[in-house]
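Here is a friendly walk through one protein model, written for someone who likes to know the cut-offs behind each term. Have the viewer open as you read.

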Amino acid sequence: MHSGKIICVGLGPGDPEMMSVKADRLLRNARHVAYFRKRGHPGKARQLVNGMLRADVTEYPMEYPLTTEIPHDDPRYIAQLSDFYLGWQSRLTELARCEDVIVLCEGDPFFYGSFMHLYVRLRNEGVVPVEVLPGIPGMVGCWHATGIPMTWGDDVMSVLPATLADEPLRNHMARSDALVIMKVGRHLSRIRTLLTEQGKLDQAWLVINGTMSDQQVMPLRDAPERCPYFAIVIVHGNGRRPANDM
């Protein structure tokens, strides 16, 4: 028998005031809170809830294994991450046998969220109930930060990870009217080059830490050569609309 469950809470794009009312309530009443982070870092999700948690909350930092020196398709990389997720699957299940456990996730958990890897394991295991609370995706906060509507009429929008190789990025860029390019970080220069090839550089914006206190918004052509991981490139659509909206 169990009396608890695991609830992953989507924290939204970064501004705490953009969390849902339900997320706020769950966080302020939580007794057990888990979150992903890199070793030696506080964790972005944990930073977003500063000042919101109970004084007696028990925290569980889920620290990723150090795999940056191993290619993503290397069996060793896959094995290390698999062991990481299996370990936390077991630990969270044990915790949730008695009490609810909240897992923090930036943006929306089902949109490139790390929790998805735990979710499928926990759901398939079926030992404790698992719930996921939606959040506003980070890209939504970023395109609102530009102050320009993202899509019009029949515009087709593509969401692209900057980690893709050049050729698939070119193909998606060419076929789409509006673009969201995520996981930019060290790929910024390459993304700028590809958008220049497509004739879309002058339409592109870079948003760093969207909706947060240190938010930066700038045309991509004016951006520096490097940017942090939490940066998104936006290319707005320009499709069908009434004549007086032109």
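## Ground rules

Buried means under 20% relative accessible area, exposed means over 50%, and partly exposed covers what lies in between, with a 1.4 Å probe and protein chains only. With 28% relative accessibility, Phe111 therefore counts as partly exposed.

The model is predicted: local features need pLDDT of at least 70 and side-chain atom pairs count only at pLDDT 80 or more, while totals for chains, interfaces and linings use all residues. Residues are numbered from 1 along each chain as its sequence is written, and side-chain values use heavy atoms, with hydrogens and water left out.

## Two domains

The protein chain is divided into domain 1 (6–133) and domain 2 (138–235), with bounds from an automatic or database domain assignment. Their centres, taken over C-alpha atoms, are 27 Å apart. Domain 1 gives 9 residues to the contact and domain 2 gives 12 residues, where contact means heavy atoms within 4.5 Å.

How much area do domain 1 and domain 2 bury between them? The value is about 840 Å², 72% of it on carbon and sulfur atoms. Buried area here is the accessible area (1.4 Å probe) that two parts lose on being put together, summed over both. On the side of domain 1, Pro13, Lys44 and Tyr112 supply 57% of the area buried against domain 2, more than any other three residues.

## The parallel sheet

An open sheet of 5 strands runs in the order β3-β2-β4-β1-β5, with parallel pairing. Strands (E, at least two residues) and helices (H or I, at least four) are DSSP runs numbered from the N terminus, and two strands pair if DSSP finds at least two bridges between them. The edges belong to β3 (58–63) and β5 (130–133); each has a single partner strand, so one side of each is left without a neighbour in the sheet. From one strand to the next, the twist averages 20 degrees.

Strand β2 (residues 32–37) pairs with β3 in the parallel sense over 6 bridges, and Arg37 has Glu63 in β3 as its bridge partner. Helix α3 (residues 75–96) packs on the sheet, touching β1, β2, β3 and β4, and its direction makes about 165 degrees with that of β3. Helix α1 (residues 21–29) lies across β1 (6–10), β4 (101–105) and β5, running at about 130 degrees to β1. For these angles, axes are lines fitted to C-alpha atoms, for helices over the stretch in contact, and values run from 0 to 180 degrees between N-to-C directions.

## Aromatic pairs

How many aromatic pairs does a search of the whole structure find? There are 8. Rings of Phe, Tyr and Trp (its six-membered ring) pair if their centres lie within 6.5 Å; planes under 30 degrees apart count as stacked, over 60 as edge-to-face and the rest as tilted. Tyr64 and Phe84 have ring centres 5.3 Å apart and planes at 40 degrees, so this pair is tilted. The pair links distant parts of the chain, 20 residues apart: Tyr64 is in the loop between β3 and α3, and Phe84 is in helix α3. Phe84 counts as buried because its relative accessibility is 8%. Phe36, Tyr64, Phe84 and Tyr85 form one aromatic cluster.

Phe115 and Tyr119 form another tilted pair, 6.3 Å centre to centre with 50 degrees between the planes. Both lie in helix α4 (residues 115–125), 4 residues apart, about one turn of the helix. Phe115 and Tyr119 are both buried.

## The loop between β4 and α4

Phe111 sits in the loop between β4 and α4. Leaving aside residues up to four places away in sequence, Phe111 touches Met116, Pro137, Met139, Val159 and Met182.

Tyr112 is found in the loop between β4 and α4. Tyr112 has a positive phi of about 60 degrees although it is not a glycine. Most residues other than glycine have a negative phi. At 38% relative accessibility, Tyr112 counts as partly exposed.

Which residues of helix α5 (residues 138–145) are buried? They are Met139, Val140, Gly141, Cys142 and Trp143. Their cover includes β6 (157–161), β7, β8 (204–208) and β10 (231–235). After α5 comes Gly147, with a positive phi near 75 degrees.

Lys183, in the loop between β7 (178–182) and α7 (188–197), has a positive phi near 55 degrees and is a residue other than glycine. Lys183 counts as partly exposed, at 28% relative accessibility.
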